[in-house]
Amino acid sequence: MTLEEVLIQKPTERAECAGKALEEVLVSAKDNDSLTVGVYECAKVMNLDPDSVSFCVLAMDEEFECDIALQIHFTLIQSFCFDNDISIVRVSDMQRLAEIVGDKTEQLEDAHCVLITNPAEGSWEDPALEKLHLFCEESRRLNDWVPEISLPER
């Protein structure tokens, strides 16, 4: 999908397409062992190897909406992403995000931040990731620096 194709889509179509693309990318990154999950784990990766980070997802739900420490972490992560040209989005359904990135055997308690990284042996290509980067680029042009995406329901 080119930037021109993204531009002619209606906002609801763009958001729906971005939600499907995000789910595809997360599943693909999980299969390629290219996910980092958790605020502290993501901060470590960003600090040690920022060039390996390709995309960032921040998740918020009503339970943690008033968590000041989490909001501070989000602000710092967003700032880091902006400084390092890393595309970033928000999702409002942390439980759904945890379902996608977690194993069936484990319950993820901290899926507030998820990074998609390039594997050590080289980068992997994913058309859905390119769609997300285009979505983020267009959102920034509309002064929406951290766009919110809804993940598709199962």
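Accessible areas here come from the Shrake-Rupley method with a 1.4 Å probe. On that basis, the accessible surface of the protein chain comes to about 8,800 Å². Carbon and sulfur atoms own 49% of that surface. The model is a predicted one.

Start with the overall layout. The protein chain has six helices and five strands. Along the sequence they follow the pattern α-α-β-α-β-α-β-α-β-α-β. Of the 154 residues, 45% count as buried. Among contacts in the protein chain with a separation of 6 or more, 80% join residues 24 or more positions apart.

Now go inside. The largest nonpolar core has 27 residues. L22, L26, F55 and L97 have the most contacts inside this core. Two or more residues each come from α2 (11-31), β2, β3 (87-91), α5 (94-101), β4 (113-117) and α6 (127-141). Helix α2 gives the largest share, six residues. F55 shows how these parts meet. Leaving aside residues up to four places away in sequence, F55 touches L22, I86, S87, V89, V114, L115, I116, L129, L132, H133 and C136. A second, separate core holds 16 residues, including L70, F74, C81 and I86.

Helix α3 comes next. Its buried residues are V39, C42 and M46. Seen down the helix axis, these buried residues fall within an arc of 65°, so they line one face of α3. The general rule is that an α-helix has 3.6 residues a turn, so residues three or four places apart point the same way. The buried residues of α3 pack against β1 (35-37), β2, α4 and β4. On the face turned away from the buried side, α3 carries the exposed residues Y40, K44, N47 and L48.

Follow the chain out of α3. S52 sits in the loop between α3 (39-48) and β2 (53-59). Is S52 buried or exposed? S52 has a relative accessible area of 12%, so it counts as buried, the cut-off being under 20%. Residues up to four places away in sequence aside, S52 touches V45, I116, T117 and N118.

I68 belongs to α4 (residues 68-83). I68 counts as exposed because its relative accessibility is 59%. Together with I72 and L76, I68 forms a nonpolar patch on the surface. The three residues have about 320 Å² of accessible area together.

Charged pairs complete the tour. Side chains of opposite charge can pair when their charged atoms come close. A search of the whole structure finds three salt bridges. In one of them, R96 pairs with E23, with the closest N and O atoms 2.7 Å apart. This pair links distant parts of the chain: R96 is in helix α5 and E23 in helix α2, 73 residues apart. R96 counts as buried, at 4% relative accessibility. E23 is buried as well, at 16%.

R96 also forms a salt bridge with E99, where the closest N and O atoms are 3.4 Å apart. Both residues lie in α5, three residues apart, about one turn of the helix. E99 counts as partly exposed, at 47% relative accessibility.

E138 pairs with R141, the closest N and O atoms being 3.6 Å apart. Both lie in helix α6, three residues apart, about one turn of the helix. E138 is buried, with a relative accessible area of 8%.

How values were computed
Residues numbered from 1 in each chain as written. Predicted model: local features only at pLDDT ≥ 70, side-chain atom pairs only at ≥ 80, totals over all residues. Heavy atoms only, no water. Patch = residues over 30% accessible without salt bridge, like charges linked within 9 Å, V, L, I, M, F, W, Y side chains within 5 Å. Salt bridge = Lys/Arg side-chain N within 4 Å of Asp/Glu carboxyl O. Helix = DSSP H or I, 4+ residues; strand = E, 2+ residues; numbered from the N terminus. Buried < 20%, exposed > 50% of the residue type's maximum accessible area, 1.4 Å probe, protein only. Contact = heavy atoms within 4.5 Å. Core = buried A, V, L, I, M, F, W, Y, C linked by side-chain atoms within 4.5 Å. Arc of directions from axis to C-beta.
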